[in-house]
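Subject: Structure handover

Hello,

Here is the structure you will be working with. Please open it next to this email, as my notes follow directly below.

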Amino acid sequence: MATTIPAAAPAVAAAVTTPQDRAVLRDGSAVLIRPLATGDVKAIITWFEGLGPQARYERFLASIARLNDRTLAQLAQVDHQEHEALIAVTAEGTTVGLAQYIQLPQTGTAELAVAVADQWQGRGLGSLLLHKIAARARAAGIRWLTVECLASNTAIARLLRRLGPVLITPPAFGVIELRIDLGQASTTAAR
Ligand SMILES: CC(C)(COP(=O)(O)OP(=O)(O)OC[C@H]1O[C@@H](n2cnc3c(N)ncnc32)[C@H](O)[C@@H]1OP(=O)(O)O)[C@@H](O)C(=O)NCCC(=O)NCCS
């Protein structure tokens with residue numbers, strides 16, 4: 001598969017992709033949380049392979065058997081400014097979680113998306129990734145995060161409420177938009 005990923009400015013990428021946070025999850029398992037390196041298509045493919053059909057549908061709002069080159073390139077094209085992504089990596093080097101945001105220019109808003117590999121759900125990883133990506137968004141001056149999801153996706157709605165007040169649009173074709181205000185303190189402490 002030939003995928004050309006435009007390189008970000010090296011100085012910027014090197015400065016923000018180096019730090020890794022080791023996190024111990026609810027069940028005692030450990031992962032490293034780090035920014036996705038620009039163009040790291042391999043990490044995205046292993047993450048996607050860990051998602052079952054339902055998680056894929058909830059993440060992409062479509063039934064997807066494999067990521068096409070265009071989507072892969074878009075996901076990998078992080079510049080750590082307008083487009084940021086954090087991944088969770090196991091001791092074996094498998095990417096099991098990915099949270100990303102893409103800023104909408106001059107709106108103080110970024111579109112957020114997250115998914116955790118089926119085998120790693122329910123351990124607190126989704127919550128952790130969301131808190132970390134929200135902290136990065138705040139630091140980047142982003143006020144609102146928006147998430148498009150199925151109206152039936154109560155799990156993500158519940159997690160997002162821990163980041164700040166959430167506005168929900170009425171469903172259209174079973175899809176809603178959740179809008180999180182990062183400008184006010186969340187009522188629930190980060191976990
Ligand atoms: C949403 C998602 C990221 C959560 O990841 P996770 O690692 O399982 O999250 P956590 O373990 O931190 O927390 C799961 C929480 O959701 C709750 N939950 C799980 N399924 C639920 C459901 N069907 N209804 C309500 N709550 C649910 C759990 O009880 C837990 O709550 P708690 O922290 O109070 O115990 C994961 O389910 C996922 O990848 N889903 C598919 C992709 C997706 O829906 N993305 C959102 C749109 S972009």
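**The shell around the ligand**

Five helices and strands each supply at least two residues of the shell around the ligand: α3 (53–60), β5 (109–116), α5 (125–139), β6 (144–150) and α6 (154–160). Please keep in mind that this is a predicted model. The largest share of the shell, 5 residues, comes from α6. There are 22 residues around the ligand, and those that come nearest are Glu 58, Gln 121, Gly 126, Ser 127 and Ala 155. By type, the shell divides into 11 nonpolar, 7 polar and 4 charged residues.

**The nonpolar core**

The largest nonpolar core has 45 residues. Within this core, Leu 129, Ile 133 and Leu 145 have the most contacts. Helix α5 gives the most to the core, with 7 residues.

**Helix α2**

Which residues of α2 are buried? In this helix, which covers residues 41–49, they are Ala 43, Ile 44, Trp 47 and Phe 48. Seen down the axis of α2, the buried residues fall within an arc of 130°, so they line one face of the helix. The background is that an α-helix has 3.6 residues a turn, so residues three or four places apart point the same way. The buried residues of α2 pack against α4 (69–76), β3 (83–89) and β4 (95–104). On the face turned away from the buried side, α2 carries the exposed residues Lys 42 and Glu 49.

Strand β1 (residues 21–24) and strand β2 (residues 30–35) run antiparallel and are joined by 4 bridges. Arg 22 has Leu 32 in β2 as its bridge partner. The two strands β1 and β2 form a hairpin with 5 residues between them. In the turn of this hairpin, Gly 28 has a positive phi of about 95°. Strand β2 is also joined to β3 by 4 bridges, and β2 and β3 run antiparallel. Here Arg 34 stands opposite Ile 87 in β3.

Most residues other than glycine have a negative phi. His 80, although not a glycine, has a positive phi of about 65°. His 80 is found in the loop between α4 and β3. Is His 80 buried or exposed? His 80 is buried, because 21 other C-beta atoms lie within 10 Å and the cut-off for buried is 20 or more.

Gln 106 is not a glycine either, and has a positive phi of about 60°. The place of Gln 106 is the loop between β4 and β5. Gln 106 counts as exposed, because it has 6 C-beta neighbours inside 10 Å and the cut-off for exposed is 12 or fewer.

Along the chain, Ala 91 and Val 31 are 60 residues apart, but their C-alpha atoms are separated by 6.6 Å.

Regards

Notes
Residues are numbered from 1 along each chain as its sequence is written. This is a predicted model: local features need pLDDT of at least 70, side-chain atom pairs count only at pLDDT 80 or more; totals for chains, interfaces and linings use all residues. The arc is that of the directions from the helix axis to the C-beta atoms. Two residues are in contact if their C-beta atoms, placed from the backbone, lie within 7 Å. A residue is near a molecule or strand if its C-beta atom, placed from the backbone, lies within 6 Å of it. Ala, Val, Leu, Ile, Met, Phe, Trp, Tyr, Cys and Pro count as nonpolar, Asp, Glu, Lys and Arg as charged, and the others, Gly among them, as polar. A nonpolar core is a set of buried Ala, Val, Leu, Ile, Met, Phe, Trp, Tyr and Cys residues joined through C-beta atoms within 7 Å. Two strands pair if DSSP finds at least two bridges between them.
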